[in-house]
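Here is a friendly walk through the charged pairs, the open spaces and the surface of one protein model. Have the structure open as you read.

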Amino acid sequence: MKKYWELFIAFAKIGVMTFGGGMAMLPMLQREVVENKGWTTEEELADYFAIGQCTPGIIAVNTATFVGQKRGGVLGGIAATLGVAFPSLVIISLLAGIIDSFNHLAWVKNAFAGIQVCVCVLIFNAVVKLLKKSVVDKRTLVIFLLVLAGSFALDVTPVVFVVLSALAGIALRQLEARKA
């Protein structure tokens, strides 16, 4: 039971401090579950995050579920999922009744503008960390550049890029193996 409570608390701490959605949660997840707890590696976390983007639901919740399941099986996945969602549920429930009373105030608008900028920096830092771990050779650099260009040029779901990148990774690895 202690393991499940530990998962719930760890993900509740992440959930209570996450502003800006799942992408903004990545640096906090990385710090808590990779560096502090050692529950997963950076590569595994990046994989969970990528899969979480391609599956139905909220990226942060999906990622928490994957990490929790790895750590404690099905019950661990449930504990982590409840932990990451619980703070939002409580905070949103409290704010829902009063937000209309305050959203016209200049200091509230300015606070949210500041939070948005902060979230952009957190996401940027997470992207840089992932980039350093993911783009490790010419093959991954080519895939990265193609997906980057495609994401600017095409209006398609990220699932298409993930599937095509997986296929490209397999094909390029097989070509390398044949040459060797």
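## Salt bridges

The count of salt bridges comes to seven, where a salt bridge means a side-chain nitrogen of Lys or Arg within 4 Å of a carboxyl oxygen of Asp or Glu. This is a predicted model, in which local features need pLDDT of at least 70 and side-chain atom pairs count only at pLDDT 80 or more, while totals for chains, interfaces and linings use all residues. Residues are numbered from 1 along each chain as its sequence is written, and side-chain values use heavy atoms, with hydrogens and water left out.

One of the bridges joins E32 and K13, with the closest N and O atoms 3.7 Å apart. E32 lies in helix α2 and K13 in helix α1 (residues 2-16), so this pair ties together parts that are 19 residues apart in sequence. Helices are DSSP runs (H or I, at least four residues) numbered from the N terminus. E32 counts as buried at 11% relative accessibility, whereas K13 is partly exposed at 45%. Here buried means under 20% relative accessible area, exposed over 50%, and partly exposed in between (1.4 Å probe, protein chains only).

K70 sits in helix α4 (residues 59-96) and E44 in helix α3, so the bridge ties together parts 26 residues apart in sequence. K70 is partly exposed at 38% relative accessibility, and E44 is partly exposed at 26%.

R173 is partly exposed at 45%, and E176 is partly exposed at 36%. Both belong to a network of salt bridges that also links D137 and R139.

## The largest pocket

Now for the open space. The largest pocket holds about 1,300 Å³, and its lining is made of 31 residues, with A50, Q53, S134, V147 and S165 nearest its centre. On a 1 Å grid over the protein atoms alone, a pocket is an open set of points with protein on both sides within 12 Å along at least five of seven lines, a cavity is a set where a 1.4 Å probe fits but cannot get out, and lining residues have an atom within 4 Å of a point.

Helices α2 (22-36), α3 (42-54), α6 (106-134), α7 (138-153) and α8 (158-179) each supply at least two residues of the pocket lining. By class, that lining has 21 nonpolar, five polar and five charged residues.

A search of the whole structure finds one cavity of 30 Å³ or more. The volume of the largest cavity is about 100 Å³, and its lining consists of L26, Q30, E42, L45, A46, A126, K129, L130 and K133. Helices α2, α3 and α6 each give two or more residues to this lining, and α6 gives the most, with four. The cavity lining divides into five nonpolar, one polar and three charged residues.

F144 is found in helix α7 and is partly exposed, at 31% relative accessibility. Helix α8 contains L167.

Notes:
Points joined across faces, edges and corners; volume = space filled by probe spheres on them. Nonpolar A, V, L, I, M, F, W, Y, C, P; charged D, E, K, R; others polar.
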